[in-house]
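Here are a few friendly notes to read alongside the model. They follow the backbone through some loops, one point at a time.

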Amino acid sequence: MKNLFTWLPTLAGSLAITTFSLLGNTTAAVAVSFVNSITIPGNSTDLFPLDSASTNANLNRLGGFGSDLYYDRVNNVFYGLADRGPGGGVIAYNTRVQKFSLNVDPYTGAISNFTLLSTILFTDAEGRNFDGLDPAKLNGSPTLLGRSLDPEGLAIAPNGNFYVSDEYGPSVKEFTPHGTLVRTFTTPQNLLPVDNKGNVNYTTTDDTVRLVAGRQGNRGFEGLTISPDGSKLFALLQDPLTEEGSPNGRSSRNIRLVVFDTKTGDSIAQYIYPLESITDINDRIPGTSNDFTSTRQGRNIGISAITALNDTELLVLERDNRGVGVDDPLGKNPVGSKRIFKIDLTGATDISDISLASTNNLPAGVAAVSKSLYFDIATLLQAAEVLIPEKMEGLAIGPQLADGSYAILVATDNDFSVTQNAMNLQFDVCSNGSQVPLGATCPSGATLLPSYLFAFKATAEELQGFIPQESVAVPEPTTMAGLALAGLGGVGLKRRRERSGR
């Protein structure tokens with residue numbers, strides 16, 4: 001596959017913009033089309049700390065917005081969520097959300113002029129940072145969640161507060177616009193990870209201990225979205241529960257969608273979202289040597305993001321674990337799934353009190369959410385001869401365009417372009433497939449792996465029934481100063497320094 005992205009090895013703040021489907025606007029319109037993309041270099045930094053020029057992957061490398069993406073259409077700004085950091089839960093990292101702006105062409109939907117506005121750190125009421133370290137390392141016990149946070153989903157309340165879903169718990173937390181914890185929602189008991197000794201165990205550190213129930217390891221609330229009126233949150237696990245499958249959740253398609261009441265913080269329903277069959281995914285992969293095995297159904301296939309269309313219909317981003325990334329920087333493994341589905345909760349059975357233990361099938365009388373393909377990201381990118389990143393993890397419905405259509409944005413996670421060995425020694429991953437010591441320079445002609453923002457355009461008919469969220473009132477940051485980095489060909493990574501949190 002031809003790679004038409006521009007890799008930028010010298011200017012950390014510059015962006016490459018790639019446009020393809022604009023050339024085809026004279027042809028008949030399709031329901032969803034690829035418009036263009038922005039490439040964010042892997043060595044880009046965020047705005048923390050404000051008073052330091054130092055850069056370090058574990059301190060302030062931008063790392064993309066792969067965990068989630070949110071568009072505040074009232075204030076015309078975006079928020080991008082990073083996960084637990086480059087250390088994979090074993091190296092400290094202050095978790096955070098990035099606020100930024102984009103220009104979206106009102107006629108074509110093309111995106112440009114990425115401008116980083118604010119880096120907001122998450123803290124508790126005493127001002128202590130939430131950390132990407134796993135609970136055993138941060139708290140000294142795998143049974144205590146504490147301030148361990150692996151942010152994966154993001155929504156914003158009508159009052160401007162952040163709702164953040166976490167993979168460690170799984171949990172949902174509410175923070176002020178400046179990143180201070182307000183409250184933690186009540187996680188349903190059946191979702192909590194339980195080990196073979198009967199203990200809630202957020203991080204298995206003992207070889208004699210294994211999870212037997214609740215969320216799988218590193219498979220918590222991957223997606224989060226809010227209803228248009230702000231009264232409900234929808235949190236979606238990445239994969240099936242440990243025990244819900246035959247022989248276990250790794251072979252099942254059935255994952256749980258949990259509905260929370262934002263007033264009480266309690267769950268009010270659970271529904272089944274069926275992952276795409278691994279048989280259908282394998283049918284799209286040439287030959288058979290690279291097929292996914294049955295035990296990969298509920299582990300290598302999963303969801304990455306969710307966004308509400310209205311009170312009952314939602315879009316879900318579903319993907320496999322293949323594509324360009326730190327484990328496959330050259331993109332050698334064939335991609336089977338990078339798709340967005342539309343689901344409807346109408347008629348689905350509340351399974352809050354129903355167990356799917358030891359079965360891959362739904363009990364008689366239990367109905368999953370209805371589901372249909374909305375658009376295939378991989379197919380559109382392949383047609384445009386664009387490389388396909390592994391981790392497409394952010395999804396947002398952007399502004400409405402002049403013709404009534406909408407921009408749809410997808411963000412990727414580059415894992416900070418960092419990997420590590422069994423001794424937790426970190427290495428930077430370069431675009432030529434090589435690894436270098438953290439902070440060292442990649443070989444000539446290679447760069448750190450970038451992250452991307454992809455823009456798609458959906459017709460008004462395709463988004464029929466979409467109800468934009470009610471007003472979001474986000475207070476202005478208390479400090480603001482200006483800094484802009486020169487761009488390439490007039491397009492650059494502009495950064496306006498302002499910091500919230502500590």
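1. First, a word on terms: strands are DSSP runs of E with at least two residues, numbered from the N terminus. This is a predicted model, in which local features need pLDDT of at least 70, side-chain atom pairs count only at pLDDT 80 or more, and totals for chains, interfaces and linings use all residues. Residues are numbered from 1 along each chain as its sequence is written, and side-chain values use heavy atoms, with hydrogens and water left out.

2. Let us start with Asn218, which sits in the loop that links strand S12 (211–213) to strand S13 (221–226). Asn218 is not a glycine, yet its phi is positive, at about 60°. With a relative accessible area of 34%, Asn218 is partly exposed (between the cut-offs for buried, under 20%, and exposed, over 50%, using a 1.4 Å probe and protein chains only).

3. Next comes Phe416, another residue other than glycine with a positive phi, here near 65°. Look for Phe416 in the loop between strand S22 (406–413) and strand S23 (418–420). Is Phe416 buried or exposed? Phe416 is buried, and its relative accessible area is 1%.

4. Now for the peptide bonds. Gly169 and Pro170 are joined by a cis peptide bond, with omega about 0°. You will find Pro170 in the loop from strand S8 (162–166) to strand S9 (171–175).

5. Ser246 and Pro247 are also linked by a cis peptide bond, and omega there is about 5°. Pro247 belongs to the loop between strand S14 (232–237) and strand S15 (254–261).

Technical notes. Helix = DSSP H or I, 4+ residues; strand = E, 2+ residues; numbered from the N terminus.
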